[in-house]
Amino acid sequence: MPFMPVKFNLQKRVKLAQGLWMIYWLSVIVGILLFSLGIFFKIELRKRSEMMDNNESHLVPNLLILVGLLACGVNAFGGKVCHDSLDPIKFAKWKPMLKPFLLLCCGFNALLLLTALLCFLMQFAVYLTLAEGLKNSIKFYKDTDTPGRCFMKRTLDLTQIEFRCCGNNNFRDWFEVQWISNRYLDMSNDLVKDRVLSNVEGKYLMDSVPFSCCNPGSPRPCIQHHLTNNSAHYDYDHRIEELNIWTRGCREALFSYFSSMMTSIGVLIIATIILESVDMAGLKYLTTALETMEDPENPECESDGWLLEKGVKETFGDLLAKLKTLGKTNQVVEGGDSVSIL
Amino acid sequence: MALMLIKFDMKKRVKLAQTVWFMYWFAVMAGVLVFSMGLFFKIELRKRSELMDNNESHFLPNLLILMGLVACGINAFGGKVCYDSLDPSKFVKWKPMLKCFLMVCVGFNALLLVTALLCFLMRIPLQFTLAEGLKNGMKYYKDTDTPGRCYMKRTLDLMQIEFRCCGNDNFRDWFEIQWVSNRYLDFSAKEVKDRIGSNVDGQYLMDGVPFSCCNPSSPRPCIQLQMTNNSAYYSYDHYTEELNVWKRGCRDSMLSYYGGLMNTIGLLVVLVTMLEVAVTIGLQYIDSSLSTLVNPEDPESESEGWILEKTVKETFTDIMDKMKSMGKGSKVDEGGEAAVATVS
């Protein structure tokens with residue numbers, strides 16, 4: 001009892017072939033879209049790799065690029081087969097390849113599913129990498145004369161401006177590191193000496209933040225120094241002031257950006273899986289319809305199409321039996337070998 | 001003696017019609033492109049209209065939008081005519097309209113050329129609008145509590161950050177105006193009273209700039225206040241310091257941005273004009289070749305195609321004669337009416 005049989009006449013077969021050809025070209029475009037999204041994601045990770053200690057995993061974008069290319073290839077081939085299916089002569093040369101092709105499509109769908117899962121799960125890895133990377137970035141902000149780190153200040157400033165955030169968790173992270181290079185501190189000054197001596201590690205700590213934390217939407221000019229000292233500025237209360245500097249932390253801002261990107265890509269991949277499954281079902285119907293023509297010489301005869309030749313349970317049982325016989329054949333061969341040695 | 005005469009047989013006519021049809025669809029896409037460029041330009045002007053005193057002229061983007069739409073319409077119609085030109089029965093219904101349509105096309109092409117010229121010329125009024133608008137923008141920077149101007153600070157800050165510029169001509173423009181609102185000045189402090197008393201207008205002037213002038217590439221944390229006072233900071237010389245704040249003025253930055261945009265759009269419109277001229281010529285060839293069939297009943301007969309039926313000079317004199325006869329015709333009518341009036 002075939003699984004989901006459908007009767008086909010010539011018109012239905014032609015319509016199926018044409019519709020399937022269009023869906024295959026749509027799938028090629030979706031494949032190109034996946035490829036370009038993979039490249040976009042890779043570029044975004046590279047742009048901000050300094051914030052992540054150059055430690056970020058490029059697994060997801062690389063996988064996306066690979067999957068996009070494979071999708072293009074597989075679907076283009078499928079479209080070609082559909083285009084030729086209406087011509088019996090051309091179709092004859094594709095016929096032997098179709099079964100392995102359908103198995104390949106199944107495998108490809110499994111790969112797509114894995115990629116979608118990774119898109120959702122790797123977000124945790126990105127979060128942890130960001131937390132660690134940002135902490136180090138803030139620490140190295142002042143090292144504008146150290147080769148390899150001289151652009152950290154600029155990158156962090158531009159990130160804080162672009163993502164409208166300040167510090168790792170919030171702006172108080174800047175109070176705990178020295179973010180002014182020693183080259184610009186007058187070590188002979190009493191004030192500087194007091195501050196440096198006031199903590200164990202000898203760091204020049206201030207209750208100030210860099211200018212990139214400033215919020216342009218604030219009605220008053222930006223207050224970046226002496227943030228916790230209410231008497232240093234006229235009509236200023238640091239406990240209720242909200243618009244002066246950005247209150248969000250950069251880890252949260254960057255993570256929400258990457259996470260929304262990865263979630264949308266994951267949703268797109270799931271839609272691609274559904275599309276590919278429809279492609280496979282259509283191709284299976286087309287090939288079975290063309291194989292079961294009652295009179296091969298007469299193109300106008302009726303035929304049957306199905307998804308599986310037997311029911312789901314029986315097909316599954318057959319597969320298991322095949323696997324078992326494969327195992328048994330190996331054992332027999334080994335036994336034969338050992339007999340001949342003796 | 002026709003201008004650029006070409007002999008056509010059936011095959012050549014079919015090829016011509018197909019090529020011109022293809023080019024017409026290309027021209028429709030070009031029209032869509034011109035429309036979207038006009039829309040983009042309009043949006044860019046609107047985004048920064050606060051900095052231009054809401055005084056900027058939207059003439060050019062509106063013209064571009066109109067031309068884009070008209071181009072789409074004309075080219076779609078032309079494509080339809082080309083498509084039908086291979087079928088004599090369908091072509092018959094278009095034939096009477098073709099001459100007028102070709103005249104309209106020629107007029108449209110001239111208009112496109114004028115638009116391209118405007119793209120290059122409108123830079124000059126824009127320069128003046130920008131200069132005036134930015135000066136006022138800076139003056140109103142502190143008025144964050146005045147309705148209608150409360151977002152000027154934010155707009156100006158974001159612009160200085162995005163365009164990497166400071167002030168109108170350079171950062172010293174900020175030294176000449178009060179950019180701190182009076183609400184945040186402690187008038188009982190001696191220092192504030194001194195500064196306000198030190199100038200005629202009673203403004204609180206400082207040698208400082210807003211934070212948005214800061215250059216993130218500077219190796220040292222940004223120095224925005226007391227900029228001309230070398231002793232206020234360790235190892236600081238304001239004469240040699242170059243990376244601290246942006247050196248360029250915002251008028252220059254914005255002008256180069258908009259100027260570049262207009263140059264690109266102008267170039268694009270010139271290319272679209274050339275495409276339109278090509279399709280007009282192609283349609284003229286199709287029309288003339290289908291009109292001069294040696295044997296009208298036999299579609300496979302030979303024919304000739306041309307751009308102008310007579311030479312340029314003759315066509316020009318013909319047009320002048322036609323206009324003169326039209327003028328004389330109205331005069332004769334007037335004379336006749338006067339005679340009738342006098343008789344009765």
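**Exercise 1.** At what angle do helix α1 (residues 10-47) of chain A and helix α2 (residues 59-84) of chain A pack, and how far apart are their axes?

Solution. The model is a predicted one, in which local features need pLDDT of at least 70 and side-chain atom pairs count only at pLDDT 80 or more, while totals for chains, interfaces and linings use all residues. Residues are numbered from 1 along each chain as its sequence is written, chains are lettered from A in the order in which they are written, and side-chain values use heavy atoms, without hydrogens and water. The helices are DSSP runs (H or I, at least four residues), numbered from the N terminus. With axes fitted to C-alpha atoms over the stretch in contact, and angles running from 0 to 180 degrees between N-to-C directions, α1(A) and α2(A) pack at about 165°, their axes 8 Å apart. The two are therefore roughly antiparallel (an angle over 145 degrees). Their crossing is left-handed, that is, the near helix is turned anticlockwise from the far one by less than a right angle.

**Exercise 2.** Within what distance do the axes of α2(A) and α4(A) come, and at roughly what angle do they cross?

Solution. The axes come within 10 Å and cross at roughly 155°. Consequently, α2(A) and α4(A) are roughly antiparallel to each other, and α2(A) passes α4(A) in a left-handed crossing.

**Exercise 3.** How do α3 (residues 88-121) and α7 (residues 250-291) of chain B pack?

Solution. Their angle is about 160° and their axes lie 9 Å apart, which makes α3(B) roughly antiparallel to α7(B). The crossing of α3(B) past α7(B) is left-handed.

**Exercise 4.** Which helix of chain A gives the most to the nonpolar patch?

Solution. The patch on the surface includes A:L113, A:F124 and A:V278, and its residues together have about 840 Å² of accessible area. Both α4 (98-139) and α7 (250-291) of chain A supply at least two residues each; A:V278 is in α7. The most comes from α4(A), with 5 residues.

Note on methods. Angles under 35 degrees count as roughly parallel, over 145 as roughly antiparallel, 65 to 115 as roughly perpendicular and the rest as oblique. Patches are made of residues with over 30% relative accessible area and no salt bridge: like charges are joined within 9 Å, nonpolar side chains (Val, Leu, Ile, Met, Phe, Trp, Tyr) within 5 Å. Accessible areas come from the Shrake-Rupley method with a 1.4 Å probe; for residues, only the protein chains shown count as cover. A salt bridge is a side-chain nitrogen of Lys or Arg within 4 Å of a carboxyl oxygen of Asp or Glu.
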